[in-house]
Amino acid sequence: MSRGFVKEDDQEETPIIPPRAALPAGATNYVTPAGLQALKEEQKELLREISDLEEPDERERRRALAVLNGKLNLLKERLASARLLDKVDTDEVRFGARVTYTISGANKPVTLQIVGVDEADVKQQKIAFTAPVARALMGKKPGEETTLQLGDQSRRICIQEISYSAKD
């Protein structure tokens with residue numbers, strides 16, 4: 001049929017589904033126990049939203065379902081690729097570590113946890129293992145120093161303390 005005979009209102013836009021947190025190509029999708037639990041809770045919530053969706057307008061209902069199903073499919077891919085790392089017994093910075101360090105030019109120490117890309121949240125002091133600061137800290141022990149390259153600037157980082165918690 002010619003486009004001349006199609007009403008504009010009959011054309012549905014493809015919904016935009018926000019992407020998940022970036023995971024570099026070829027990188028393993030590591031998750032902490034808390035991160036895996038959060039992904040499973042997110043899946044339950046999406047399934048609940050799909051089953052409880054009440055939208056009187058059929059076009060809006062199809063659009064909302066497409067968005068929710070798209071999010072669910074992305075989440076299922078992430079869950080399928082998740083590799084749980086939980087039992088860490090080391091005195092050096094690894095995935096899941098809570099690290100306290102000082103950085104040159106800063107007044108006070110910084111504490112953060114190195115987690116998976118889906119659970120990273122700066123407000124909760126959690127950074128992804130793919131972040132430049134996490135990569136700079138990996139493999140270091142308390143008292144060791146490393147360099148963080150920030151564009152054309154470099155900063156010295158001194159590791160103060162490392163801990164691992166079974167619940168994180």
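## Helix α1

In this predicted model, helix α1 spans residues 33–52 and contains 20 residues. The distance from its first C-alpha to its last is 29 Å, close to the 28 Å expected at 1.5 Å a residue.

The buried residues of the helix are G35, L36, L39, L46 and I50. They lie on the same side of α1 because they cover an arc of only 105° around the axis. On the other side of α1, K44 and S51 are exposed.

## The chain as a whole

The protein chain has three helices and seven strands. Along the sequence, these elements follow the pattern β-α-α-β-β-β-β-α-β-β.

For contacts between residues at least 6 apart in sequence, 58% join residues at least 24 apart.

## Overall dimensions and surface

The radius of gyration of the protein chain is 22 Å, whereas a compact globule of 168 residues would have a value near 15 Å. Taken along the principal axes, the C-alpha atoms fill a box of roughly 70 × 40 × 30 Å.

Of the 168 residues in the protein chain, 29% are buried. The chain exposes about 11,000 Å², and carbon and sulfur atoms supply 48% of this area.

Notes. Residues are numbered from 1 along each chain as its sequence is written. This is a predicted model: local features need pLDDT of at least 70, side-chain atom pairs count only at pLDDT 80 or more; totals for chains, interfaces and linings use all residues. Side-chain values use heavy atoms; hydrogens and water are left out. Helices (H or I, at least four residues) and strands (E, at least two) are DSSP runs, numbered from the N terminus. The expected span of a helix is 1.5 Å times one less than its number of residues. Buried means under 20% relative accessible area, exposed over 50%, partly exposed in between (1.4 Å probe, protein chains only). The arc is that of the directions from the helix axis to the C-beta atoms. The radius of gyration is taken over C-alpha atoms; the globule rule is 2.2 Å times the number of residues to the power 0.38. Contact means heavy atoms within 4.5 Å. Accessible areas come from the Shrake-Rupley method with a 1.4 Å probe; for residues, only the protein chains shown count as cover.
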